Amino acid sequence: MDPIYEDNEEDIIDVAALVVVSAAGATAMEVIQRTHLYICRQPQVNRDDVRIKYLNGLIRENNIATHNLLRMNQNAFFKLCIALKTKGLRNTSNVDVDEQVAMFLYILGHNLRLRVIANNFSRSLDTVHRHFLNVLKAVVKLYKDLDCVGAIDGSYIPAMVPLEDQPRYRTRKGRIAQNVMAVVGFDMKFTYVLAGWEGSARDSKVLQSSLRNRQDKLVVPTGKYYLVDAGYPNSLGFLAPYRGVRYHQNERRGHAPANAKELFNYRHSSLRNIIERSFGLIKKRWAILRTEPFFDIKVQVKIVIACCTLHNFILNVDPDDLLEHELNDASEDLGSDQVILEEDVANLATSLEWSGRRDALATLMWNEYNR
């Protein structure tokens, strides 16, 4: 057989096979297309019905679920909605106040992205974002209703800031955070909050700022004083412990105080434990304070104030709040990122008269203790 003819014969066979395969593929496509025409579609879901059912499950059906997801019980939730209405929060044509507040609390309690909330509540991303800011604005207004004295301390709250600003917000342990100063009364309520200072700022500098703040100035009531830690000066209105003397309660376990200064520091620490427990409680309740939030730093500052305000509100309307019992006596080391330097404390002059008053108080305690 002629070789050239053989090659042509093979080519003819290959082309024929290709035609058969193509025809088979075309037939398969036709079958798929015909079958597709008869696929049964699921009935359309009414998003309003789904949303109402989901919201009722959050705030009306199960009180434990409400507390776990929104971080407060149903009674506190509805009272909060009423209080926020007095601060200007209103129903809109599409979203009631109950739903607005539920979305807001869900975000604070679990630090969820807005897209997750939009999916859960069957809302648009823009709707969730707009109402989050509206509720935040109303909650911050509640903060203005606070007033009393107690203990002062600072705590680091994780922050998310642009790369160029990170050196200012970096703490001594390398975390990016705000340095938040707060006053807590002996009922565990926050009475003053100054948020927004960079993590690199020391406590004494933040305190100075609060005393000069024109819009929200820290005022020491006449004849009263605040308990502060060793990072602050012992000056008029601010009673600090003795430096270089055993202080924290866990440092004293199994040891009787050896002198007046140790006894004073132990009792000072026992009283100041209230602010450590308060910071521990709000961080346990609101996950958004434990991790970097997904908001602009200006919004992050307002979120800190809002969380402290909600903490106070819950203690007012629900003294038996479940979360407080879970915390027990746990506390956190709030100043662990700071190294206290002499020049830091010296920014606010230590008062010799006030130091004399501290000595007299320590001596009185010691005498009574020995008796």
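These notebook entries record what I looked up in one predicted model.

**Ground rules.** I number residues from 1 along each chain as its sequence is written. Because the model is predicted, local features need pLDDT of at least 70 and side-chain atom pairs count only at pLDDT 80 or more, while totals for chains, interfaces and linings use all residues; side-chain values use heavy atoms, with hydrogens and water left out.

**Entry 1: the whole chain.** I found 15 helices and five strands in the chain; helices (H or I, at least four residues) and strands (E, at least two) are DSSP runs, numbered from the N terminus. Of the 371 residues, 46% are buried, where buried means under 20% relative accessible area, exposed over 50% and partly exposed in between (1.4 Å probe, protein chains only). I noted an accessible surface of about 20,200 Å² for the chain, with 53% of that surface belonging to carbon and sulfur atoms; such areas come from the Shrake-Rupley method with a 1.4 Å probe, and for residues only the protein chains shown count as cover. I then looked at contacts (heavy atoms within 4.5 Å). Among those with a separation of 6 or more, 68% join residues 24 or more positions apart.

**Entry 2: helix H11.** I checked the span of H11, residues 260-285. The expected span is 1.5 Å times one less than the number of residues. For its 26 residues this should give 38 Å, and the end C-alpha atoms are 38 Å apart, which agrees. I also recorded a kink of about 30° centred on Arg272; the bend at a residue is the angle between axes fitted to the seven residues ending there and the seven starting there. H11 is largely enclosed by the rest of the structure, because 20 of its 26 residues are buried. At its start, a side-chain oxygen of Asn259 comes to within 3.1 Å of the backbone nitrogen of Lys261.

Entry 3: Two strands pair if DSSP finds at least two bridges between them. S1 (residues 151-158) pairs with S2 in the antiparallel sense over eight bridges, and Asp153 stands opposite Ala182. S2 also pairs with S3 (residues 190-198) in the antiparallel sense, over six bridges; there, Gln178 has Glu198 as its bridge partner. S2 and S3 form a hairpin with five residues between them, and Met188 in the turn has a positive phi of about 75°. Seven of the nine residues of S3 are buried, so S3 is largely enclosed by the rest of the structure.

**Entry 4: Gln100.** I noted a contact between the side chains of Gln100 and His131 at 3.5 Å, which is polar. Beyond its neighbours within four places in sequence, Gln100 is in contact with residues including Leu89, Thr92 and Val135.

Definitions and conventions. Polar contact = N/O pair within 3.5 Å; in protein donor to acceptor, adjacent residues only side chain to side chain.
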